[in-house]
Amino acid sequence: MEVDQKNLILKILNREKQKLDDTSVIGGFSSFLKGWLIQRGDKEALQFVPLLETYPELGITKKRELLSRIENFVNGKVTVSSPAKPVIKTPHIDLHQPVRYLKGVGPALEKKLNRLGIHTVEDLLYFFPRTYRDRGEIKPIGKLTGKSIETVQGIVVAHRRQNTRKGMLLKIVVRDDTGTVTLVCFNRDYLAQVLRKGISVILWGNFQRSAQGWETANFDFQIGDGRSVQFDRIIPVYSLTEGLNPKRLRSILLFALDNFLSLVEEVLPVTIREKHGFPTKKEAIHELHCPSVWEEGLNSRRSRAHVALIFEEFLLFALSLKMRRLFMDTIQVEPCSARAPLVEKFLQILPFGLTGAQKRVYGEIVNDLTSGKVMNRLIQGDVGSGKTIVALLSALHVIGFGKQVAFMVPTEILAEQHYFRSRDLLASLGVRVELLKGGTNRGKKMLLEEIRAGKVDLVIGTHALIEEKVAFSDLGLVIVDEQHRFGVIQRARLKEKA
C-alpha cells in the first residue's frame with residue numbers, strides 16, 4: 001500500500017472515530033471505504049465489505065470495534081478472529097454484484113441508478129444509450145454554416161459582461177485563425193473560472209449568426225485541442241433521472257467497461273458471427289457505449305453492434321420456445337377418444353352447417369386431444385368467422401370424455417353473452433353450463449362447491465376463474481377468449497387448476 005494512500009485512509013478513519021455518524025467523507029464514509037476495499041480486491045480487504053453494509057445501523061461499540069479492526073488492517077497488523085465468531089464470507093465479484101460496490105457509487109447514487117433499473121453491474125453494462133450525437137469533424141470557425149451541431153476549436157481571448165434585467169450576463173469569446181464565436185453563458189457564470197483567457201478549447205453546439213458574429217447559448221466544451229486530448233466525435237446520450245448528470249453516469253460506465261466487460265460470456269458461435277459479420281458480444285457492448293465510427297443505423301438501433309445483440313436475443317428466445325415445446329412433448333396426458341357422440345348430437349341440432357375452415361381447425365384440435373400430449377393452440381380469425389363454435393365443439397369433445405371445461409373471458413358482459421348462448425345451445429344435450437363472476441354471495445358459494453364436486457361441465461367466467469378458492473374436480477380443457485387481454489401469469493394460473 002502506498003504511503004500517501006495509507007495516510008489518507010488512516011486520517012479518514014480517525015475523523016470517523018470522532019462522530020461515528022458515517023459523514024466523515026462526502027457521500028458516506030462506509031460507501032467510500034467499501035469502494036476502496038473492493039478496488040484493492042485481496043481477500044483480507046474484502047472481508048470488511050459485508051460488515052460495512054450495515055455500518056450506519058450499528059451501535060457505537062460495534063462501530064468502534066469495526067473501525068479498530070480496519071485500522072489494524074491498514075497498518076498491516078494481523079488480527080486473529082475469535083473461534084466463537086462466525087466466518088465472514090467474502091463477496092463474489094461478478095456481473096451480478098450490486099452496483100453499489102463500484103468505485104464512486106455511494107448510497108445516494110445507488111438509489112438514482114436503481115430508479116433507472118440499474119441494480120447490478122450487468123444492468124449497467126446493458127444500459128445502452130437512447131440516441132447518439134455526431135459532433136462532426138472539427139472545422140474552422142470561418143466555415144460554420146449554422147446548420148445542426150457543429151464543432152470548432154480555438155483559444156479563449158476575452159470575457160465580457162453585459163448588464164441585463166436579470167443581472168450580469170457572461171459572454172466568452174473564442175478565436176481561431178479564421179474568426180471568432182461568442183459563448184452566451186446564461187446562469188453559467190462559473191465558466192469564467194473554467195474557460196480562462198488563453199485556454200485552448202474544443203466547442204460543439206448550435207451556432208447562430210448575429211449582428212456581432214457567430215454565437216451560441218447551447219454548447220458543450222472540452223478543454224484542450226484535438227492533438228492534446230482524446231476527442232470523442234460521437235457522444236452517447238443516456239436516459240437520466242433527477243440528480244444524475246451525463247458525466248457522472250459516463251464515468252461509472254467507463255469504469256464498469258474497463259473492469260467487468262471481460263466477464264461477459266459469448267453466446268453466438270464463431271460460425272454464426274462470421275456468416276453475418278457480427279462483432280463479438282464484448283465488442284458490441286463496448287461499441288454501443290463508445291462508438292468508434294458513425295453509422296447510419298446508430299440512432300435507429302440498426303448498427304452492426306445493435307443487430308448482433310438483437311440477433312442473439314431473438315435466437316435465445318427462439319431456442320427457449322423450442323426447448324419448452326420439446327419439454328411439453330415429453331408430458332403425457334390421458335388422451336381423449338377420437339369418436340365424440342356429444343359433438344355428433346350437437347352438429348345435428350345446429351341450425352347451420354360448419355364451414356370448411358371450421359371443420360379443418362376442429363380436426364386439428366381433435367388430433368391434439370387424442371395424441372396424449374398437452375395441447376397449446378391459438379385460434380385466430382375475423383369477427384364472425386366461427387371461433388366460438390369451434391371452441392364449443394372442442395369443449396363438448398372433452399366433456400363427452402368425462403372432463404370439465406373452463407372458459408375465461410375478459411369482461412362480465414362478454415361472459416354473460418357466452419353463457420346465455422352456450423346454455424341455450426347445449427341445454428338439450430344434458431350439458432350443465434354455469435356462469436362464475438366476481439363478488440361474494442350464497443349462490444356463488446354453492447356454485448363453487450358444485451364445480452369442485454364435478455357437477456358443472458362448462459364453467460364460463462372472468463378473472464374470478466383464477467381465484468384460489470375455485471377448484472375443479474377434473475379440468476380437461478381451458479379456453480381463453482381474447483387472450484391478449486390477460487397476462488401470461490393469469491393464464492398459467494388457470495391452467496394450473498388442471
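Predicted model: local features only at pLDDT ≥ 70, side-chain atom pairs only at ≥ 80, totals over all residues.

**Entry 1**

A crossing is left-handed if the near helix is turned anticlockwise from the far one by less than a right angle, and right-handed if clockwise. Helices (H or I, at least four residues) and strands (E, at least two) are DSSP runs, numbered from the N terminus.

Residues are numbered from 1 along each chain as its sequence is written, and side-chain values use heavy atoms, with hydrogens and water left out.

Next I looked up the geometry: the axes of H11 and H12 come within 8 Å and cross at roughly 130°. Axes are lines fitted to C-alpha atoms, for helices over the stretch in contact, and angles run from 0 to 180 degrees between N-to-C directions. H11 and H12 are therefore oblique to each other. Angles under 35 degrees count as roughly parallel, over 145 as roughly antiparallel, 65 to 115 as roughly perpendicular and the rest as oblique.

Which residues make the contact? On the H11 side I listed Lys281, Ala284, Ile285, Glu287 and Leu288, and on the H12 side Ala305, His306, Leu309 and Glu312. Contact means heavy atoms within 4.5 Å. By class, I noted five nonpolar, one polar and three charged residues in the contact of H11 with H12. Here Ala, Val, Leu, Ile, Met, Phe, Trp, Tyr, Cys and Pro count as nonpolar, Asp, Glu, Lys and Arg as charged, and the others, Gly among them, as polar.

**Entry 2: the cavity**

I searched the whole structure and found one cavity of 30 Å³ or more. On a 1 Å grid over the protein atoms alone, a cavity is a set of points where a 1.4 Å probe fits but cannot get out, and a pocket is an open set with protein on both sides within 12 Å along at least five of seven lines; lining residues have an atom within 4 Å of a point. The largest cavity holds about 50 Å³ of space. Grid points are joined across faces, edges and corners, and a volume is the space filled by probe spheres set on the points.

The largest share, three residues, comes from H12. I sorted the lining of the largest cavity into six nonpolar, one polar and four charged residues.

**Entry 3: H15 and its partners**

Helix H14 (residues 356-369) and helix H15 (residues 387-399) pack at an angle of about 30°, with their axes 10 Å apart. H14 and H15 are therefore roughly parallel to each other. Their crossing is right-handed.

I then turned to H15 and helix H16 (residues 412-426), which pack at an angle of about 55°, with their axes 12 Å apart. H15 and H16 are therefore oblique to each other. In this contact, Thr388, Leu392 and Leu396 of H15 meet His418, Ser422, Leu425 and Leu426 of H16. I counted four nonpolar, three polar and no charged residues there.
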